[in-house]
Amino acid sequence: MSDRTINQQPHGPQPQPGPEARAPHTHGPHTHGHGSEPDDLAVQIADSVESFVLAVTEVAKGDEPGSAVSLLLLEVSQLLLAGGRLGAIEDVVPEDRFEPDAGPEPDGEQLRERLAELLAPIDVYHEVFDPYGPPEKPNAFRISDDLAGVVSELQHGLTHYREGRVSEALWWWQFSYLSNWGTTCTAVLRALQSLIAHVRLDSPIGAAPDGADTDDDGLTDEQLEQQAGDLMAAELGLGR
């Protein structure tokens with residue numbers, strides 16, 4: 001298996017780090033020994049993670065479709081606060097060099113499908129990868145895909161936490177926040193905030209181009225990317 005390294009590509013399924021080695025650290029360690037009781041930070045992060053997972057699962061049931069966007073905006077905002085704390089603390093360094101087996105990963109397909117059905121009219125949004133990277137065309141993403149992926153990553157850490165591997169859980173949440181779900185949630189938050197703003201300010205949302213919100217329309221990823229870029233350019237009044 002591969003070394004655990006930081007992956008800076010946001011969105012979508014990302015290759016998870018292998019258990020052979022920990023990512024390199026540049027700051028002092030934040031450690032928990034075997035069998036140690038979780039400290040206040042660990043408890044608070046775990047509570048935030050579990051609250052997010054439960055809330056998104058409840059929203060996906062579709063019992064209150066009229067408040068789905070508002071509730072998701074609130075939950076993503078609160079999770080990012082926990083993520084900010086993980087990003088601000090010293091690197092978490094578990095005792096073990098190898099990640100213990102957390103068992104089979106939960107199947108998030110049902111959650112993704114429920115969210116996709118619930119959010120169908122506004123599921124697709126457009127985002128760029130890295131605001132400090134080279135200029136890129138906006139790409140099309142789905143809120144349902146992103147949220148289901150984040151839930152899956154968070155549940156991986158919850159499994160460690162519930163089995164008493166506190167340092168492993170914190171390490172995983174910190175690593176995955178920096179490598180994937182932090183950027184994913186930031187993009188989703190921007191999309192949700194934009195939706196709220198459009199509604200509250202009575203500003204119509206431009207229709208997505210044909211094919212941009214389906215997987216089986218026969219278009220390639222490059223064509224979908226081109227359509228997303230064209231739409232964003234039109235919204236910004238830019239020529240392409």
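Predicted model: local features only at pLDDT ≥ 70, side-chain atom pairs only at ≥ 80, totals over all residues.

Reader: Which secondary structure elements does the protein have, and in what pattern along the sequence do they follow?

Author: The protein contains six helices and two strands. Along the sequence the pattern reads α-α-α-β-β-α-α-α. Of the 240 residues in the protein, 40% are buried. Among contacts with a separation of 6 or more, 72% join residues 24 or more positions apart.

Reader: Which residues of H1 are buried, and against which helices do they pack?

Author: The buried residues of H1 include Leu 41, Ile 45, Phe 52 and Val 59. The buried residues of this helix pack against H2, H3, H4 and H5. In H2, the buried residues include Leu 72, Glu 75, Leu 79 and Gly 83. Those of H2 pack against H1, helix H3 (109–118), H4 and helix H5 (166–200).

Reader: How is a pair of packed helices described?

Author: Two packed helices are described by the angle between their axes and by the distance between the axes. Take helix H1 (residues 40–60) and helix H4 (residues 143–162): their axes come within 10 Å and cross at roughly 135°. Angles over 145 degrees would count as roughly antiparallel; H1 and H4 are therefore oblique to each other. H1 passes H4 in a left-handed crossing. On the H1 side the contact includes Ala 46, Val 49, Glu 50 and Val 53, and on the H4 side it includes Leu 147, Val 151, Leu 154 and Arg 162. By class, this contact of H1 with H4 has 13 nonpolar, one polar and two charged residues.

Reader: At what angle do the axes of H2 and H5 cross, and what classes of residue make up the contact of H2 with H5?

Author: The axes of H2 and H5 come within 8 Å and cross at roughly 145°. H2 passes H5 in a left-handed crossing. The contact of H2 with H5 comprises 18 nonpolar and nine polar residues, with no charged residues.

Methods
Residues numbered from 1 in each chain as written. Heavy atoms only, no water. Axes fitted to C-alpha atoms, helices over the stretch in contact; angles between N-to-C directions. Helix = DSSP H or I, 4+ residues; strand = E, 2+ residues; numbered from the N terminus. Parallel < 35°, antiparallel > 145°, perpendicular 65-115°, else oblique. Left-handed = near helix turned anticlockwise from the far one by under 90°. Contact = heavy atoms within 4.5 Å. Nonpolar A, V, L, I, M, F, W, Y, C, P; charged D, E, K, R; others polar. Buried < 20%, exposed > 50% of the residue type's maximum accessible area, 1.4 Å probe, protein only.
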